[in-house]
Amino acid sequence: MLNGVLRAATEEQHNPLIPAWPDIIGALICFIVILFFFWKLVLPRMKKLLDERAEAIEGNIAKADEAQHKAEALLEEYTAQLADARAEAGRIREQARTDGQKIVAEAKETATAEAARVTASAQAQIEAERQSALVSLRSEVGSLAIDLASGVVGEALTDDKKSQAIVDRFLADLEASEKAGSSK
């Protein structure tokens, strides 16, 4: 042991940071073997795996781009269809307004014509009833006038033609005086 201590003291002082030559050569041989192993086996497999992943990613990117282009084309088509549908809806609304106005105008014309027909029919009926009342009134007034004249004269007026002529003349005079009074 003493020998070992003396030998260590006599040897040059060795730097602990720099390894000895046999250690460097052994490490270099191990490094070259490991490098050869990685160079021939691991690196080609790793490169193949990375190439496959790159191709898969590029394929997915291409698919995504294609899907995006399709989506943009569909969006443009949808937008065009929506614009066409809105324009068509506007045309339909305008046509419906026009048709509605025509229907209202036709209904007004029909109502006006029906009202005119009903008015004309009512006026004709009123005129017919007036004429009927006038004829009835003439005969009643005539018979009353004859009865009254018979009572005043004191004898019966039995000649129907003569009495009818007197009544007609009386009523004609009455109507003429009425017309003259209303025209003033």
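Colleague: How are Glu114 and Arg117 placed relative to each other in helix H2?

Modeller: In this predicted model, Glu114 and Arg117 are 3 residues apart in helix H2, which puts about one helical turn between them.

Colleague: Why is the contact between Glu114 and Arg117 called a salt bridge?

Modeller: The N to O distance between the two side chains is 2.3 Å. The cut-off is 4 Å between a side-chain nitrogen of Lys or Arg and a carboxyl oxygen of Asp or Glu, so the pair qualifies.

Colleague: What makes Glu114 partly exposed?

Modeller: Its relative accessibility is 38%. Buried would require under 20% and exposed over 50%, so Glu114 falls in between.

Colleague: How do you know that Arg97 and Glu94 form a salt bridge?

Modeller: The closest N and O atoms of Arg97 and Glu94 are 3.0 Å apart; this is within 4 Å, and the pair therefore meets the criterion. Arg97 and Glu94 also lie 3 residues apart in helix H2, about one helical turn.

Colleague: Are Arg97 and Glu94 classed as buried, exposed or partly exposed, and on what values?

Modeller: Arg97 has a relative accessible area of 47%, and Glu94 has 44%. Both values lie between 20% and 50%, so each residue is partly exposed.

Technical notes
Residues are numbered from 1 along each chain as its sequence is written. This is a predicted model: local features need pLDDT of at least 70, side-chain atom pairs count only at pLDDT 80 or more; totals for chains, interfaces and linings use all residues. Side-chain values use heavy atoms; hydrogens and water are left out. Helices (H or I, at least four residues) and strands (E, at least two) are DSSP runs, numbered from the N terminus. Buried means under 20% relative accessible area, exposed over 50%, partly exposed in between (1.4 Å probe, protein chains only).
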